[in-house]
Amino acid sequence: MTAPIVPAVESVAAPPALQAAIASDANGSPITPTNIAHRGGPVNPSAAALVARFGTAIVRTDVTWGETTLFVTNAALHDIVRWLHDEPSERYDYLVDVTAVEYRDADRPIEVVWHLRALAHRRFLRLKVELPKRAVLSVASIMDIYSGADWLERECYDMFGIRFEGHPDLRRLLLWETYKEGYPLRKDFPLRGRFSRAEQLKQALAADPEARYSMEELSIADAFDSLPEDMKKRLAERAERHDVDDAVGE
């Protein structure tokens, strides 16, 4: 029996600007770059495209350890992310993370950070918005662009107190909804918390566990009742086996 003939896939060369930003071997295949300078180096081609499109909304560009960071204005952030996602020449289709950084310097702004990847173009881009500590800590939600921003924005709100305007369900994620001690990753948060251990335990026990989940997640748990009886029986038997295994292990 002869093996099926698989047609050869024609390779498409990357644009010159993109080739300059990707480390390649002798055959032009991408490789992990080495000996990267701490500061400077090739800039992600998306930076020039953003400056041409949004002008002064791009505050400055930094390249650190081979990664391009763009500081952008708060007002333009949502439009910039939308363009990076929708523009055919960019197509940043993967939201890696949403986080924040607070420095010990009291006068240095808090930085809200977005990590974006364009998988087809092998590009990584970091966006930052600076928020003065004494001002309202608020930025636009990008959940209407990336649904994966849901929990990422909630975690950032939970830990730093940054509000993501337009988020449909902005609640604490890691801590209970009635948590009153503040935001644990802020520099002014005391190491042992602001309340006694007894008060912390009291608040935790008084918390409503269902407040930690969205209605969609609760509906998945409630859907067990609508499963066929044979499937319910199999799931119950599996749970019993796990309980027995756990008891033996103890």
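The legends below describe close-up views of a predicted model.

**View 1. Crossing of helices α2 and α3 in the predicted model.** Helix α2 covers residues 45-54 and helix α3 covers residues 77-86. Their axes come within 12 Å and cross at roughly 125 degrees. Angles of 65 to 115 degrees count as roughly perpendicular and those over 145 as roughly antiparallel, so α2 is oblique to α3. The crossing in which α2 passes α3 is right-handed.

**View 2. Residues in the contact of α2 with α3.** On the α2 side, the contact is made by Ala 49, Leu 50, Arg 53 and Phe 54. On the α3 side, Asp 79, Ile 80, Trp 83 and Leu 84 take part. Of the residues in this contact, six are nonpolar and two are charged, with no polar ones.

**View 3. Open sheet of five strands.** The strand order is β1-β2-β5-β4-β3, and the pairing is mixed. Strands β1 (58-64) and β3 (94-101) lie at the edges, each pairing on one side only. On average, neighbouring strands of this sheet are turned by 20 degrees against each other, direction ignored.

**View 4. Pairing of β3 with β4.** Edge strand β3 runs antiparallel to strand β4, which spans residues 110-118. Seven bridges join the two strands. Val 101 has Glu 111 of β4 as its bridge partner.

Notes. Residues are numbered from 1 along each chain as its sequence is written. This is a predicted model: local features need pLDDT of at least 70, side-chain atom pairs count only at pLDDT 80 or more; totals for chains, interfaces and linings use all residues. Side-chain values use heavy atoms; hydrogens and water are left out. Axes are lines fitted to C-alpha atoms, for helices over the stretch in contact, and angles run from 0 to 180 degrees between N-to-C directions. Helices (H or I, at least four residues) and strands (E, at least two) are DSSP runs, numbered from the N terminus. Angles under 35 degrees count as roughly parallel, over 145 as roughly antiparallel, 65 to 115 as roughly perpendicular and the rest as oblique. A crossing is left-handed if the near helix is turned anticlockwise from the far one by less than a right angle, and right-handed if clockwise. Contact means heavy atoms within 4.5 Å. Ala, Val, Leu, Ile, Met, Phe, Trp, Tyr, Cys and Pro count as nonpolar, Asp, Glu, Lys and Arg as charged, and the others, Gly among them, as polar. Two strands pair if DSSP finds at least two bridges between them.
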